[in-house]
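The sequence and structure are shown first.

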Amino acid sequence: MLKMNKRGKDVNWSKFANASPKPKRLHLEEDDCDGLFHCPVQICNHEGFATQRGCRKHVKNKHSWYYYFDEKPDSAQIEKLNVDETSKCEASDQKITPRKSRTIASFDPKNKIAKNFFSWLTGSGGGCKSDRQAQQIVSKCLKFLKFCCEDEEEVTFDIVDFSLCSPNLLFKFVDTMQDDWNLGHAGRIGYLDAIAELVDYRKVNGASESVLRGLTSTEIYLKKVRKTVSKMMRLQWTSELDIDALEAKGHWATLEELLEVVGRYLPRYESVLKSCKEKPGAVLPIDLSFATKFVAVYLFIKVKGSRPMTYQYLTVEMVNKAKTNGGFVDQKMFKTAGKYGFDSLYLTETSMQVLDGYINHIRPLLRPTCDFVLVTRNGGQHQKLGGLMSKLVFDATGKYVHPTRYRQIVETASSRQLSSSAQSTISEDQKHSSVVARVHYQKQRSREVASKAHEYLERLHGDKGSELEIDVRSRLSGDSASFEDRNGSKTDTSSNDEGETIAETPPERLSGVPRLKRENAFIVSRFPARKKSLMFTPEEDNYLKAGIERYGYGQWKAILRDSEFRFQKGRTANSLLSRAARRFGSLS
């Protein structure tokens, strides 16, 4: 028999013989008949679970072998298992300690300098920043100072001056953020901006002349480093946030596909709403959670592709007030309030109908403990609205689209279908300056400029440019065929102006030819043959004879330009001379 640990779970099956090298991933799908998640183990007699989490927990506790075996090992196989390795696995499982989060060394934020710096940031001299912004800046600066002077215990102005006036420490700090802390480009820029704030604070607080000179150099280095990080960020955006790359990853969808998401789940939401009206006691908790998901996705797609925080803090009172002021909901409790100053929602009659049905019939069954519209099963504020949208959209379309990506899709579509003023309005309402959309605009604009500029340049060249292009095409049209023949070890033939054929033999077929002739033949084969001459037709011979009688022998250009004589396109004066010498030599 297998030994069991204190929690009742099986031992670590991954250490046993014939086990799968990697555990299976459970892909649980809701049964359309009863709306439950069933255990993937065929021999299990459990009736089903209301959530995926419950089903996964059941498999982990009762059928842990399923992750590494297709069938449960019988008694004979169990006896062959390595008991010593099993005991080691159990011992290692018992010694596992919870993983601690990474901590970065920092000075105490309660010291005097940190408090004064915080007060300066929130005051008029530091830009009247909010308490949260000021706290983040102070925290980042204290980490930087601790990195530069890790042996010190308390922050002093000497430590601040030493850290800010040491370019080498600044560069090492930037490298540490990238290599050891694994911070992204935006995170490193945030630290650099915070250090720049500390430089400004130190300059206005009685720094000496030598320190001021050092701070001036530090400002230059900060600008250079920030410019470098910003360039790296733009390069990453260009490569990773291109629409083609996002489509290949399944992170891009059209507006039509997103509208189909609402249409797909609308019948089920209608059924849940009807059940809540007629039989509220018989509604399953999973149906109530689905109704919350549907309303959140509907608001994102049909009302406004705003940030999740907009709908997270949407209250019942705001919705009721919107009925009296034309459907507008004004909300300013957001990070972007300082830049835009507003985040209004416009609810149409249809949107109001959807919210009324949820608020009046579905939300009370969740037993809300707050005033927010969208609540969880426990009645609290729902704080994962972006995840709700991503899940429903992925289940419906197979594409991963979150609220930020949806705003990018809206802005990119606006660049194709709307005017520039309408596009600007859409962008302002979305409160979003999308990097993906901006890259798309630049690429689209660059292609338009290139095509139009080429058209205008052709106009400037005029007829002369058209003639030159025709001449280039006619002269170079046979290069590719000749090159292919030479690479394929075929005999290349050409003709002179008199229609005589010249054969060129590849060098690898000249082994029996004398060296001098072989070298000459190799030189001929290295260079492409002249363009094949046009054979003279009987009509052209008649034109040539009439031209000699009219203009005289030797006036080949005059003969060629005469509109009555219709020579083939590409005919030259030299070809007329050669033809006349061979055919009408007696006329000279």
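## Overall architecture

The protein contains 25 helices and four strands. The model is a predicted one. Of its 588 residues, 37% count as buried.

The accessible surface amounts to about 37,000 Å², and carbon and sulfur atoms make up 50% of that area. Among contacts with a separation of 6 or more, 60% are between residues 24 or more positions apart.

The structure holds 13 salt bridges. One of them joins the side chains of Lys-203 and Glu-219, with an N to O distance of 3.1 Å. Lys-203 belongs to helix H8 (residues 185-203) and Glu-219 to helix H9 (residues 209-240), so the bridge ties together parts that are 16 residues apart in sequence.

Both partners fall in the intermediate class of accessibility: Lys-203 is partly exposed, with a relative accessible area of 36%, and Glu-219 is partly exposed at 23%.

## A bridge from a loop to helix H11

The side chains of Lys-399 and Glu-257 also meet in a salt bridge, at 3.1 Å from N to O. Lys-399 is placed in the loop between helix H17 (385-397) and helix H18 (403-417), whereas Glu-257 is in helix H11 (residues 255-278); the pair therefore ties together parts that are 142 residues apart in sequence.

Lys-399 counts as partly exposed, at 23% relative accessibility. Glu-257 is likewise partly exposed, at 23%.

## A buried pair and a network

Arg-579 forms a salt bridge with Asp-541, and their closest N and O atoms are 3.2 Å apart. Because Arg-579 lies in helix H25 (residues 573-583) and Asp-541 in helix H23 (residues 538-551), this pair ties together parts that are 38 residues apart in sequence. Are these two side chains buried or exposed? Arg-579 is buried, with a relative accessible area of 17%, and Asp-541 is buried at 6% relative accessibility. Each value is under the 20% that sets the limit for a buried residue.

## A patch of negative charge

Which residues gather in a patch of negative charge on the surface? The patch consists of Asp-108, Glu-150, Asp-151, Glu-152, Glu-153 and Glu-154.

Glu-152, one of these residues, is located in the loop between helix H5 (131-148) and helix H6 (157-164). Its relative accessibility of 39% places Glu-152 in the partly exposed class.

## Positive phi angles in two loops

Most residues other than glycine have a negative phi. Cys-128 has a positive phi, near 55°. Cys-128 is found in the loop between helix H4 (112-122) and H5, and at 52% relative accessibility Cys-128 counts as exposed.

Asn-182, a residue other than glycine, also has a positive phi near 55°. The loop between helix H7 (167-179) and H8 holds Asn-182, which is exposed, with a relative accessible area of 59%.

Terms used:
Residues numbered from 1 in each chain as written. Predicted model: local features only at pLDDT ≥ 70, side-chain atom pairs only at ≥ 80, totals over all residues. Heavy atoms only, no water. Patch = residues over 30% accessible without salt bridge, like charges linked within 9 Å, V, L, I, M, F, W, Y side chains within 5 Å. Areas by Shrake-Rupley, 256 points an atom, 1.4 Å probe, with all protein chains shown as cover. Salt bridge = Lys/Arg side-chain N within 4 Å of Asp/Glu carboxyl O. Lys, Arg positive; Asp, Glu negative; His and termini not counted. Charge placed at Lys NZ, Arg CZ, Asp CG, Glu CD. Buried < 20%, exposed > 50% of the residue type's maximum accessible area, 1.4 Å probe, protein only. Contact = heavy atoms within 4.5 Å.
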